[in-house]
Amino acid sequence: MQWLAHGFHGEMQYMATHGTRRARPAELVPGTVSVITARMDYLPRDTSPEWQAVEFDRLARPGEAIVSVYARGRDYHKVLRNRLARLAERIAEEVGPFGHRAFTDSAPVLEAELASRSGQGWRGKHTLVLDRNAGSMFFLGEIYVDMALPPSDPVSAHCGNCSACIDICPTQAIVAPRRLDARRCISYLTIEHSGPIPDELRPLMANRIYGCDDCQLICPWNKFAKKSTLPDFDAREGLTGRTLAELFAWTEEDFLRRTEGSPIRRIGHERWLRNIAVALGNAARAGEGGAHEALATRAAHSSELVREHVAWGLAQQPAG
Ligand code: SF4
Ligand code: SF4
């Protein structure tokens with residue numbers, strides 16, 4: 001409630017609208033007396049042991065488009081929902097029919113808090129759930145159930161004196177340990193936020209066009225992050241190692257086809273172009289050849305939002 005009162009949720013009105021239902025499971029699903037929490041590792045199967053360095057290197061190539069690791073494969077909502085439904089079926093085979101409802105990032109559920117209270121990990125200073133053996137590169141899911149289960153214990157926190165995630169955040173969005181101002185977070189700005197991106201934050205986005213992983217990449221516990229065993233989270237073609245100019249050239253039809261079944265699809269082509277226009281402006285400032293030419297192709301786009309970000313990008317000049 002304090003976090004909401006600060007306005008840290010930005011445009012994510014649903015967080016405020018649902019009030020106490022977010023924190024009290026039985027108000028959301030009447031009859032709920034226990035919550036089963038689950039997590040699922042998502043690093044793609046071909047992830048190298050040096051993956052954190054591989055990802056940081058992308059930031060040193062201003063003409064390359066960076067999509068957050070979790071979003072390079074299939075939409076996790078579908079994958080997790082299916083797996084949670086199967087888990088519930090298996091439980092029902094053992095104990096008989098029971099009332100339940102599964103969630104994954106899809107309803108007013110305080111997922112990270114439920115996960116940490118049930119021992120899936122502790123809340124890192126970046127607010128995500130961290131485990132000593134799996135870092136933070138996993139999705140969370142929950143099954144609200146109408147039967148009383150013995151509670152599992154929380155685990156102790158192991159951030160210690162580390163503040164690497166707070167220090168590295170490009171926009172200083174982590175305003176205190178475990179307190180995130182979403183309005184400054186690049187994940188929020190590129191995915192949840194619908195309007196113009198605040199001018200002062202645009203240069204800080206660099207070449208990140210969908211989400212941001214920095215606070216997780218720097219976290220020492222992510223040395224232990226696990227690869228998924230499923231093909232679902234393998235990076236699909238076109239979403240890694242591509243240039244900003246290539247992705248900026250996608251028509252709306254290309255965008256819809258290439259993001260079919262991907263979480264990226266929900267931001268739509270307009271926000272996609274908005275984000276890439278900012279990244280191209282940043283590439284131009286970094287002296288990347290061809291950035292202005294790419295931007296110019298969208299200078300007369302039908303969307304005012306896109307045109308304004310393109311104009312901003314075109315105004316960026318190499319330093320010095
Ligand atoms: S995702 Fe990026 S912008 Fe958001 S808190 Fe982490 S480092 Fe900062
Ligand atoms: S980077 Fe350090 S402070 Fe941040 S979550 Fe990881 S261990 Fe905790």
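The largest nonpolar core holds 42 residues, and Ile209, Tyr210 and Trp272 have the most contacts inside it. Such a core is a set of buried Ala, Val, Leu, Ile, Met, Phe, Trp, Tyr and Cys residues joined through side-chain atoms within 4.5 Å. Buried means under 20% relative accessible area, exposed means over 50%, and partly exposed lies in between (1.4 Å probe, protein chains only).

This is a predicted model: local features need pLDDT of at least 70, side-chain atom pairs count only at pLDDT 80 or more, and totals for chains, interfaces and linings use all residues. Residues are numbered from 1 along each chain as its sequence is written, chains are lettered from A and ligands numbered from 1 in the order in which they are written, and side-chain values use heavy atoms, with hydrogens and water left out.

H13 gives the most, with eight residues. Helices (H or I, at least four residues) and strands (E, at least two) are DSSP runs, numbered from the N terminus. Leaving aside neighbours within four places in sequence, Trp272 is in contact (heavy atoms within 4.5 Å) with Ile209, Leu239, Leu247, Trp250, Phe255, Ile264 and Ile267. A second, separate core has 13 residues, including Cys165, Cys169, Cys185 and Tyr188. In soluble globular proteins, nonpolar side chains tend to be buried together.

Now take H5, residues 76-95. Its 20 residues should span 28 Å at 1.5 Å a residue, and its end C-alpha atoms are 28 Å apart, which agrees. The expected span is 1.5 Å times one less than the number of residues. Tyr76, His77, Val79, Leu80, Leu84, Ala88 and Ile91 are buried in H5. Seen down the axis, these buried residues fall within an arc of 165 degrees, so they line one face of the helix. The arc is that of the directions from the helix axis to the C-beta atoms. They pack against strand E1 (34-41), strand E3 (100-103) and strand E6 (138-145). On the other side of H5, Arg86, Arg90 and Glu93 are exposed. Just after H5, Gly96 takes a positive phi of about 90 degrees.

Helix H4 (residues 51-59) buries Trp51, Gln52, Glu55 and Arg58. They cover an arc of only 115 degrees around the axis, which puts them on the same side of H4. Their cover includes strand E2 (66-67) and H10. Arg58 counts as buried because its relative accessibility is 11%. Not counting residues up to four places away in sequence, Arg58 touches Glu64, Ile66, Arg72, Asn207, Thr240 and Gly241.

Around ligand 2 lie Gly124, Lys125, His126, Leu130, Cys159, Cys162, Ala164, Cys165, Cys219, Pro220 and Trp221. By class, this shell has eight nonpolar, two polar and one charged residues.

Terms used:
Near = heavy atom within 4 Å. Nonpolar A, V, L, I, M, F, W, Y, C, P; charged D, E, K, R; others polar.
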